[in-house]
Amino acid sequence: MNKKAGILGVGSYLPKKVVNNSYFEKILDTNDEWIKTRTGISERKIADANESTSDLSAKAALKAMECANLQASEIDLIIVATATPDMAFPSTACLVQEKIGAVNACAFDISAACSGFVYGLTIAKQFIETNCYKNILVIGAEVLSRVLDYSDRGTSILFGDGAGAVVIGKVNDGGILSTYLGADGRGKDFLNIPAGGSRLPASKSTVEDNLHTIKMAGNDVYKFAVRIMGDASIKAIEMAGLDTNDIDYLIPHQANIRIIEASAKRLKLSMDKVYVNLHKCGNMSAASIPVAMDEAYRSSKIKKDDNVVLVGFGGGLTWGASVIKWSI
């Protein structure tokens, strides 16, 4: 019987600096109660001026490798999912490779916004189960604080910085039972950073107009997210040959508490079976799911042989869900 790809180790890193809601009360027409009621967020972690996405990624990766009892030389491939790379090129994954000393690994980035980690997990699964590679690092990492318009109440209050990582390899029991990915480019204008690429390269006007910062059509994104988080989860569960009664735990993308609650209701799970760190981390885009997964594992919320659903959505529009039988 062929072994499945599964998680060998998990790790995460959050910056030390904390920005709570009182900061936004000073610069925007908002208050702590308004933010918490509408989003569920109380604070978020913000990278220091000298910390980049690759720095956060490397720290999370080292923790995941320690959990998996692997040396850097045993890593074959590094995949970094991020919307905030250190630079256009080289890839953040190449920078991580150098930082952790993974001299035998190839490396590349993927861009699927908040769905990026599940996309990366899906790619790694194929490489492991076709025997191309043995040990793969999948990292979701963001420094979103660098791409926020702090005059925009609709976006600046939502996002934080962080990184989460997993090592994927073959496991004797359990593993990644299914993954389901999707995209709809018709929603490209709902959530994006307009400038900085080949369409609108950096110029005086793009900087003055704040076009290098996150723009979001909040109501459109919310309606999409409430629907797709449930739909994608159900699809992944069906692909795994299970039903909602078989699911032990949900680790959703941490975007909005109302979206998370709607997802739990769709899966018939009580909120004590859902990991939430939104209140202390905000929305960390591609880092949200792996950071939450690491915290859930280390706090014994999830345990060996649990059926765990991961689900996220993001700019693109993109979405992804996975069912994992926990193997560590």
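Predicted model: local features only at pLDDT ≥ 70, side-chain atom pairs only at ≥ 80, totals over all residues.

Colleague: What share of the 328 residues counts as buried?

Modeller: That would be 55%. The cut-off for buried is under 20% relative accessible area. As for the surface, the chain exposes about 13,900 Å², with 49% of that supplied by carbon and sulfur atoms.

Colleague: Why is Asn307 called buried?

Modeller: Its relative accessibility is 8%. Buried means under 20%, so Asn307 at 8% counts as buried.

Colleague: Where does Asn307 lie, and in which strand?

Modeller: In strand β12, which covers residues 307-314. The chain has eleven helices and 13 strands.

Colleague: What is Asn307 in contact with, leaving aside neighbours within four places in sequence?

Modeller: Leu177, Leu242, Asp246, Ile247, Asp248, Tyr249, Ile324 and Lys325. To count as a contact, heavy atoms have to be within 4.5 Å.

Colleague: And across the chain, how much of the contacts with a separation of 6 or more comes from residues 24 or more positions apart?

Modeller: Those account for 76%.

Colleague: Last one: how many positive and negative side chains are there, and how far apart are the centres of the two sets?

Modeller: There are 36 positive and 36 negative, and the two centres lie 3 Å apart.

Note on methods:
Residues numbered from 1 in each chain as written. Heavy atoms only, no water. Helix = DSSP H or I, 4+ residues; strand = E, 2+ residues; numbered from the N terminus. Buried < 20%, exposed > 50% of the residue type's maximum accessible area, 1.4 Å probe, protein only. Areas by Shrake-Rupley, 256 points an atom, 1.4 Å probe, with all protein chains shown as cover. Lys, Arg positive; Asp, Glu negative; His and termini not counted. Charge placed at Lys NZ, Arg CZ, Asp CG, Glu CD.
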